[in-house]
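This briefing presents selected features of one protein structure, arranged by topic. Please keep the sequence and the three-dimensional view at hand while reading.

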Amino acid sequence: MKTIRWIWIPTLALLLGSCTVSQRLDYSPVPPNAGFTFAVEEFFVDVLEDFSDFSTRKSDRPVIDQAIDDFELLLDRAPSTKAVRLEKTGHNAWNGTFIFTDVENLVRDLGAPEGQQLLKATDDSLTFYLTLETYPQLVPIIPFLADENFEAFGPEYNQGLSEEDYLEMISFMLGEEGPPAIEKSTITLRVTTPKPIRSMVNGRKLDQTTYEFSFPLIDFLLLAEPITFTVRW
């Protein structure tokens with residue numbers, strides 16, 4: 001299983017990869033911490049390398065390695081993080097951990113605007129709300145979303161497109177391996193709360209202090225409906 005905990009990795013492979021993306025946010029112990037493992041299948045590495053030929057930014061390093069390095073630097077420079085550590089663990093695979101002081105500050109440090117509505121936290125709740133209206137707030141956090149080579153895959157470019165038509169487009173652009181890879185992919189957020197969970201909107205409770213929310217990757221790529229959850233403790 002390919003996993004990532006709580007932070008988005010800014011690569012096309014994450015968004016279009018044949019994998020299960022699992023994210024985790026730990027409020028306990030204090031201070032809260034996050035970590036991730038991330039692996040990319042070779043097919044999507046080849047896709048990224050093909051796209052890099054059209055990029056104005058040239059590098060001698062593999063595009064995935066460069067993206068991970070850029071993301072590590074972004075995390076390390078964020079005022080709300082410390083003890084950032086990423087390491088390559090295998091072919092196209094990485095592990096990482098970091099501590100953060102406040103989740104809303106973290107999102108803003110990574111590029112979300114003041115007044116962002118993507119992620120709202122209180123002393124006893126967490127709410128995530130992604131729609132076509134809040135999607136532009138996500139783009140600065142994942143600069144790759146603004147890349148002209150990705151825009152054709154994203155929800156703003158494909159408003160109103162059906163899932164069937166979208167997958168047909170993917171087959172044309174990426175080949176026959178693209179659609180089944182997307183169809184198999186899900187994104188999962190798991191939150192460990194500091195107190196027993198009292199209520200939730202969407203998602204499920206795994207135990208007294210563990211909440212999980214999952215959605216298919218295709219839902220993110222189209223954003224035909226809001227992707228949202230709230231958990232309270």
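Ala 83 belongs to strand 3; helices (H or I, at least four residues) and strands (E, at least two) are DSSP runs, numbered from the N terminus. The phi angle of Ala 83 is near 55°, which is a positive value in a residue other than glycine. Ala 83 is exposed, with a relative accessible area of 53%, where exposed means over 50%, buried under 20%, and partly exposed in between (1.4 Å probe, protein chains only). The model is a predicted one, in which local features need pLDDT of at least 70 and side-chain atom pairs count only at pLDDT 80 or more, while totals for chains, interfaces and linings use all residues. Residues are numbered from 1 along each chain as its sequence is written, and side-chain values use heavy atoms, with hydrogens and water left out.

**Strand 3 and its surroundings**

- Strand 3 (residues 81–90) and strand 4 (residues 93–100) run antiparallel and are joined by seven bridges; two strands pair if DSSP finds at least two bridges between them.
- Thr 81 has Phe 100 in strand 4 as its bridge partner.
- The hairpin of strand 3 and strand 4 has two residues between the strands, and Asn 92 in this hairpin takes a positive phi near 60°.
- Ala 78 lies in the loop between helix 3 (63–77) and strand 3.
- Ala 78 is buried, its relative accessible area being 4%.
- The C-alpha atoms of Ala 78 and Phe 100 are separated by 9.3 Å, and the two residues are 22 apart along the chain.
- As a general point, the side chains in a regular strand alternate between the two faces of the sheet.

**Strand 10 and its partners**

- Five of the seven residues of strand 10 (residues 210–216) are buried, and the strand is thus mostly covered.
- Strand 7 (residues 186–192) runs antiparallel to strand 10, and seven bridges join them.
- Within this topic, Thr 192 has Thr 210 in strand 10 as its bridge partner.
- Strand 9 (residues 204–207) also pairs with strand 10, in the antiparallel sense and over three bridges.
- Arg 204 stands opposite Glu 212 in strand 10.
- Strand 9 and strand 10 form a hairpin, with two residues between them.

**Buried residues in loops**

- Asn 158 is located in the loop between helix 5 (135–138) and helix 6 (163–174).
- Asn 158 has a relative accessible area of 5% and is therefore buried.
- Apart from its neighbours within four places in sequence, Asn 158 is in contact with Ala 152, Phe 153, Tyr 166, Met 169 and Leu 222; contact means heavy atoms within 4.5 Å.
- Gly 154 is also placed in the loop between helix 5 and helix 6.
- Gly 154 counts as buried because its relative accessibility is 3%.
- Gly 154 and Leu 223 are 69 residues apart along the chain, and their C-alpha atoms are separated by 9.0 Å.
- Leu 223 is in the loop between helix 8 (217–222) and strand 11 (227–232).
- Leu 223 counts as buried, at 3% relative accessibility.
- The phi of Leu 223 is near 50°, a positive value in a residue other than glycine.

**The second largest pocket**

- On a 1 Å grid over the protein atoms alone, a pocket is an open set of points with protein on both sides within 12 Å along at least five of seven lines, and its lining residues have an atom within 4 Å of a point.
- The second largest pocket holds about 220 Å³ of space; grid points are joined across faces, edges and corners, and a volume is the space filled by probe spheres set on the points.
- The lining of this pocket includes Tyr 27, Pro 32, Phe 100, Asp 123, Pro 194 and Trp 233.
- Helix 4 (103–109) and strand 5 (119–122) each supply at least two residues of the lining.
- By class, the lining has seven nonpolar, two polar and three charged residues; Ala, Val, Leu, Ile, Met, Phe, Trp, Tyr, Cys and Pro count as nonpolar, Asp, Glu, Lys and Arg as charged, and the others, Gly among them, as polar.

**The protein as a whole**

- The protein has eight helices and eleven strands.
- Of its 233 residues, 49% are buried.
- Among contacts between residues at least 6 apart in sequence, 60% join residues at least 24 apart.

Technical notes. On a 1 Å grid over the protein atoms alone, a cavity is a set of points where a 1.4 Å probe fits but cannot get out, and a pocket is an open set with protein on both sides within 12 Å along at least five of seven lines; lining residues have an atom within 4 Å of a point.
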